[in-house]
There are 4 protein chains.
Amino acid sequence: MLYSFNNDYSEGAHPRILQAMMEANLEQNDGYGLDRHSNHARELIRTAIEDDSADIHFISGGTQTNLLAISSALRPHQAVICANTGHINVHETGAVEATGHKVLGVPMPDGKLTPTAIEKVVAAHSDEHMVQPKMVYLSQATEVGTLYTLDELEALSACCGRYGLYLFLDGARLGAALASADNTITLPDLARLTDLFYIGGTKNGALFGEALIIMNPALRQDFRYLTKQRGAMLAKGWLLGIQFEELFQNNLFLELADHANDMANQLRKAIQDCGYPLQWESKTNQIFPILPNAVIEQLAADYLFSTQLTVDENHTCIRLVTSWATKPEAVEQFRLSLAAARVHE
Amino acid sequence: MLYSFNNDYSEGAHPRILQAMMEANLEQNDGYGLDRHSNHARELIRTAIEDDSADIHFISGGTQTNLLAISSALRPHQAVICANTGHINVHETGAVEATGHKVLGVPMPDGKLTPTAIEKVVAAHSDEHMVQPKMVYLSQATEVGTLYTLDELEALSACCGRYGLYLFLDGARLGAALASADNTITLPDLARLTDLFYIGGTKNGALFGEALIIMNPALRQDFRYLTKQRGAMLAKGWLLGIQFEELFQNNLFLELADHANDMANQLRKAIQDCGYPLQWESKTNQIFPILPNAVIEQLAADYLFSTQLTVDENHTCIRLVTSWATKPEAVEQFRLSLAAARVHE
Amino acid sequence: MLYSFNNDYSEGAHPRILQAMMEANLEQNDGYGLDRHSNHARELIRTAIEDDSADIHFISGGTQTNLLAISSALRPHQAVICANTGHINVHETGAVEATGHKVLGVPMPDGKLTPTAIEKVVAAHSDEHMVQPKMVYLSQATEVGTLYTLDELEALSACCGRYGLYLFLDGARLGAALASADNTITLPDLARLTDLFYIGGTKNGALFGEALIIMNPALRQDFRYLTKQRGAMLAKGWLLGIQFEELFQNNLFLELADHANDMANQLRKAIQDCGYPLQWESKTNQIFPILPNAVIEQLAADYLFSTQLTVDENHTCIRLVTSWATKPEAVEQFRLSLAAARVHE
Amino acid sequence: MLYSFNNDYSEGAHPRILQAMMEANLEQNDGYGLDRHSNHARELIRTAIEDDSADIHFISGGTQTNLLAISSALRPHQAVICANTGHINVHETGAVEATGHKVLGVPMPDGKLTPTAIEKVVAAHSDEHMVQPKMVYLSQATEVGTLYTLDELEALSACCGRYGLYLFLDGARLGAALASADNTITLPDLARLTDLFYIGGTKNGALFGEALIIMNPALRQDFRYLTKQRGAMLAKGWLLGIQFEELFQNNLFLELADHANDMANQLRKAIQDCGYPLQWESKTNQIFPILPNAVIEQLAADYLFSTQLTVDENHTCIRLVTSWATKPEAVEQFRLSLAAARVHE
C-alpha cells in the first residue's frame, strides 16, 4: 500500500467533527443553511474575524465557491485578474468562464500578484472593446505554497481600492497559511482588507465545506438566490454548519493546520538535509522539492505524490502535501526512504 | 418543539451510513470519485439496474445533478420539456436557464407529462426562430407525489424515440416511488427506457448525494470535465461512494423508502378517516390534504409543514412529507391532533 | 410571382434613406456609433421623446436589442415577465435564456400583460428557490397587433414601480402603434413610463436598425461594453445613425407607418365586407382574419402570408402584414381575389 | 479635417455594391438569408473556393461571427487556442467567454501560432480539472498584419488533425491577405485546410458583412438556430447576399484589397525611405512604423491613426491602415508630411 502525499484531502474528517455529526444526526433541522448549527458557526466565525456584520455562506467545495463568488459579483463584461497559476485559471475546467467571465492570468514566478502587475492589466484595458477588469483573485496560501505578507496584502487592497476592483481571496489552504511560522496576516486583517474571502474546510479537516465571508455589503444582495441557482445550496446545510462549529471551537482549525505544517516542516528538513533544493520557499503544507529522476522513481515505489514541472533532463520538481491526518511515522519513513534513495542515486 | 413534516431531508443519514463513513474515515482514498468505494457503489447499482455498461456519477445534490445532466446533453439552442410543476421549472432558481437553455413547462394537472403534451410542444416548435425541444424531463415520484406507470413510461420513451428527444428522469424521490404499493416500474425498466436518470440519496437516508446513471453512450463523453466545470465534483468523492455502497447493500435503499411510505400511509388514513380529501392521489411519501383553515391553524401549533395552494376562502391544501426517519409515535400523535382539531373546527 | 403580405421587412429601405447613405458613402466617419450622424440622430430622437438626457444606442436587429437590453439589466438570478406570445418567449430561439435568464411567460388572450397578471407572478415567486422577477417586457404593438392604451401603460408602469420591476418595451412595430387611429400613447409617454424601450426601424422603412433608449440611469452604465460583448456593435455604426436621421426628420417615421396602417385598414375592410371575422381587433399593420380553408387555398395561389393558428377543421386564422412599401394596387387586387374566392368557396 | 488612416472601415461601401442595393430595393425578398441573392452569393463563393458542398452563412460583423462560430462548435468544457494578440482574446470584450468558453492565449511575437505552441497547450491540458482545448483560432492576415504561408497553414492543419482540434480562420482581413504580394494561400486552400473560416466584407468594401464558410459537416447542424439565438440573423438577409454577390462578381473583392495593399505599399515605402523601421514586416494593409514621438506629434495634426505600443521613451509604434477607399492623394500627402516632420525632428 502506497502512502499518499498527493494532497490534503485524502482522508475524511477529524474525529471530533464526525462525532458532532453523529450526535446531531437525528435532530430535525431546517434546510438550506438556515439552521441553528449554521447560525452558531456563523457567530463563531464572526468572533474570529472580529466583525459582527459579516455575511457568511457555507458551500460544499472550492470550485463551487469560486465560481459562485466571482459570477455573483461581476456584471457580464467584467473580468477577474489572477496569477497565471491561480486555481481558477488552470484547475477548474473553465468554471469561471462557464459563467461568462474572462480570467486575466498574469505570469508571476512565485504565484503572487503585485500592485504593479495589476496596474499593468488595468492600463491595458482601456475601452469598451476589451473586458473591464473588476476583481482581483488571490490565493492564501498560493497554489505553490507561498504566502502574502500583511504589507503585501495592504498594498494590494489599496491598489484595488484605487481602481475600483473587488478583492477576493481564495482560502482553500488558509489554515496552512494562518498556522505558518511565516504568517503575518490575521483573520481580522482579511476581513478588513478584502471584499470577500473564504476559509477552506475541505483541505483542513472537514469532510467538505468552505465558509465564504462577504464583507462588502454591495456583494451580499440576493446571494442565497445565486447560491441556489448554481446548485451550491446543500439541502442538509447544517452538515456544513456542524463542521465549522467544530473547527472554530477549541481552536481545532488552527490545531489541525499546525499539524499539517509541522509534518511539512519535517519533510522539508529531510529534503534539505539531503541537499536537494526547493522550487518555491514556503512554510505551509505544500513542498516542491527538485529531485533527481532516479530518486523520484525509487520514492514512487512507496509513496503517492504528483509531479509539478520538469526542471531539466535529469531533474523534476515534485509536490508533496501534508494534512491534519498525515502520520508522523509516515514522514519519518519518507525521510529514511529519501536518504536511501539518495545513496543509490 | 414542533415536529416537522416539512420535508424528507430534515434529519441526517441512516446510522449504517454514518457508521460506514466512520470506519473509512482514516483510509487514504483517491479524490474526485475515482476511489474504491465509488467504484464498488457503481458495481452495486449496475447490478440493481441489470446493466453492466452504465456510466455512473455521484453528485452532491439534486439541483446540481439536474443542471449538469441537462446542460451536458443539450447544444445551446436546445430546450427541455417538462410539466409546469417540474422541479427544474419552479424550484431551482432558473439553474437550467443559467446554463443557457429554455425550459418548456407544460401545464399538467397531476404533474405528469404525456406523449400528447410532448407532441404538441414539438409541433409548435417548427423552425429555427424557436428553440429546438431535445429533452424530456420527468420526475418519479413527481413533485405532487404521483407516479408514472410502466405503460406510461413505455409510451413516453417511445414518443421520445420518435422525435429524437432525450428522456431524463429526476429520481430525487425515486425510493418512495419504487417502494410504493402502486409502483409498476423497476430500476431495470428505468435503465432500459431512459437516456439518463438519477437515484436520489438526499431524500432517502443519505447525508447527501444522487447517483446519476447515463445509459445513452452519446451522453457520456467528457462527463467528468462537465462535472468539474459546474463545481459538482466533490474532492472527497468517496463520501458519496460509501453512502451508495450502504444504500445498495442489504436492501437499505428500499427499506428506508418503505418506512417513509408506511408513515405516509398512516397519515393518509388518518386524514381520510376524518373525512378530508386529498388534492392528489398518491402512494408515496408526500401527502396533500385539503383542510379547513381552522384545523390547519391548530396543527401549526405542534407541527411544521408547508402550504401548497389556496383552495377556497376557508380551505387550504397543505403538504406533509415523511422520511426514513419519521417516528411512528409522531405520526400517531398527529392523528390524535388532527382528530381533536376537527372536533373544535 | 406571388405578392407577399408575409411580413413588414420584405423590401429594402425608403428611398430617402438610401439616398442619404449614398451621399455619406465616401465620408470618413468614426466607427462604432461615435460618429456625427449617430449623434445627430440621437438629438432628433431626444427631441421627439422630449427628454434631453436619454441614453440612445443603435442596434442592428430586434432579437439582438432584446437580448442585450435584458441581459444588461438583470443579475443572474433575475427573470423577465412577458405575455406568452411575447417575441422573446417564442420567436427568438431562446436568445434571452442563452444569456442565462428565465422568461416567465403568462397566457394573455390578447397578447397584453396586465398588472393583475404581473402581481400573480410576483406573488408566486416568494423565495430564493425560485427566480426573482425583475423586469416586465411589453411589445407595442403586440405580436398579435393589439395596442396598450395610455391608461393601461400608466397602470403597468405604476405596478412595476411598486414591485421594483424594470419596464422594458419592445417597439419593433412602434411605428404602426404610434400611427394607429386607436393610439393614445406618445413617445414622451414612453420615455416617462418605461425604464427602457426601443423604436424599431427594420419593420418601418430602414434597411435595418433599432434605437434603444435607456431612460433609467442605473441601466446605462457600461452599456457600450455590453453591446460590444454581444457582437451588437456595428463597425460602421453611422449606417444606423443615418437611417434614424432620415426617419426622424420631416416626419418620415410616422409617414411610413401611416401608409402601412392605411394599407392594413383597406385589407381589413375587404375582409369584413366579405363577412369574415378577425381573431384580434387591432388598428395596426397586422391583420388576423379567420377564413375558410378553401378560401385560403385560393389566395395562396397569388399571395404569400403565414398561418397563425387552426380555428377548427374548416377554418384557419392567417396573418397579413403590410408595410411602408405595400402597394395600393396589390391591396386592391387582394380585395378582388378575396371576393372571388368567397364566391367559389 | 484630419485624414484617417485609423482603420479600414471608415467609409461606406464600394459604389457598385450600393448600386446593387438600390436596384434590388423594392424587390420582395424572403427574410433571414433564404433569398435568391444570398443563394446566388453562396454559389459564387462556392465557385471561388472550389467546393460545391460548403455551408455558407452571412453574418453582419466580425465579433458576432467569431462568437457564433466558436460557441456553436464547442461543448461547454472546451476551449479555443489563439495567439495572445488574437482579436477574440483582446478586442471583443470577452465575447467568447460570455458564451462560456475559455480562450487560451499564447504569446507569439509575430501574432502567428505554430504547431509547437499548440502542442504545448495541448500537453499542458491533461485531465478533467482543466479545460479541453478543442479549437485553434487563426487570423489571416493577423492582427499585426503578418501572413501565414501555405506551408505553415498545412502544418497547422495537420497538427489540428492529430489532436482532434477544429481549425477556425478569422478572415476579417482575408482580402488584404489574398491580394498580398507575399501570399501563398488560395481560397481553395483555406477550404481544404480549415474546418471553418470567414471572408470579411466589412473591412474590404462592404457596408457590413462576413461570409462564414463551414467546411466540416459536423459543424453545420442547426447552425441557423444558433445564428438566430445569438441575434445574428439579419431580417433583411438579402442585404448581405447582395453585397457578397457584388464582391464575388467581376473580381471586385480582390480588386478592392489590391488597392488597399497598394496604398499601404506606398506608405511603407515612404516610411522606409525616411529610414524608419517597422515593428512587423507585412505586405498587407496594416503598417506598424516605429517613429520618433516628435514626428508622431506633427503627423497627428493632419492624420488620424492609433498607437500600437510604446517602444522606448522617445519612440512609439503607430498603426496605419489603408482600405479600398484610401485616396492616392492622401497617401502622397502623408509622404510629404512625414518627410517634412522628419526634417523638423
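Author: Buried area is the accessible area, found with a 1.4 Å probe, that two parts lose on being put together, summed over both. Between chain A and chain C the area buried is about 2,000 Å², and carbon and sulfur atoms give 49% of that area.

Reader: What kind of model is this, and how are the residues numbered?

Author: This is a predicted model, in which local features need pLDDT of at least 70 and side-chain atom pairs count only at pLDDT 80 or more, while totals for chains, interfaces and linings use all residues. Residues are numbered from 1 along each chain as its sequence is written, chains are lettered from A and ligands numbered from 1 in the order in which they are written, and side-chain values use heavy atoms, with hydrogens and water left out.

Reader: What pLDDT does chain A average?

Author: The pLDDT is the predictor's confidence in each residue, on a scale from 0 to 100. Where it is low, the predicted coordinates should not be read in detail. Chain A averages 97, and 100% of the residues score at least 70; for the model, ipTM is 0.97 and pTM is 0.97.

Reader: How many residues does the contact take from chain A and from chain C, and how many salt bridges does the rule find there?

Author: Contact means heavy atoms within 4.5 Å, and by that rule chain A gives 23 residues and chain C gives 23 residues. A salt bridge is a side-chain nitrogen of Lys or Arg within 4 Å of a carboxyl oxygen of Asp or Glu, and two are found across the interface of chain A and chain C. In one of the salt bridges there, the side chains of C:Arg224 and A:Glu128 meet at 2.6 Å, N to O.

Reader: How many residue pairs are in polar contact across the interface of chain A and chain C, and which elements of chain A touch chain C?

Author: A polar contact is a pair of N or O atoms within 3.5 Å, where, within protein, one must be able to donate a hydrogen and the other to accept it, and where residues adjacent in sequence count only if both atoms are side-chain atoms. Across this interface there are 12 such residue pairs, with both residues at pLDDT 80 or more. On the side of chain A that touches chain C, α3 (62-73) and α10 (223-229) are the elements that give two or more residues, and α10(A) brings the largest share, five residues. Helices (H or I, at least four residues) and strands (E, at least two) are DSSP runs, numbered from the N terminus. By class, this side of chain A has seven nonpolar, nine polar and seven charged residues; Ala, Val, Leu, Ile, Met, Phe, Trp, Tyr, Cys and Pro count as nonpolar, Asp, Glu, Lys and Arg as charged, and the others, Gly among them, as polar.

Reader: How many residues of chain B are in contact with chain A, and how much area do the two chains bury?

Author: Here 44 residues of chain B are in contact with 44 residues of chain A, and the two chains bury about 4,000 Å² between them, 57% of it on carbon and sulfur atoms. The count of salt bridges between chain B and chain A is zero, whereas 26 residue pairs, both at pLDDT 80 or more, are in polar contact. The elements of chain B that give two or more residues to the side touching chain A are β1 (3-4), α1 (15-23), α3 (62-73), α5 (95-98), α10 (223-229) and α11 (238-247). That side of chain B has 23 nonpolar, 14 polar and seven charged residues.

Reader: Is C:Ser10 buried or exposed, and which residues does it touch?

Author: Buried means under 20% relative accessible area, exposed over 50%, and partly exposed in between (1.4 Å probe, protein chains only). C:Ser10 counts as buried because its relative accessible area is 3%. C:Ser10 is placed in the loop between β1 (3-4) and α1 (15-23) of chain C. Not counting residues up to four places away in sequence, C:Ser10 touches C:Ser4, D:Glu27, D:Gln28, D:Asn29 and D:Trp238, and a polar contact of 2.9 Å joins its side chain to that of C:Asn7.

Reader: What is the phi of D:Tyr32, and where does D:Tyr32 lie?

Author: Although D:Tyr32 is not a glycine, it has a positive phi of about 65 degrees. D:Tyr32 is in the loop between α1 (15-23) and α2 (36-49) of chain D and is buried, at 18% relative accessible area.
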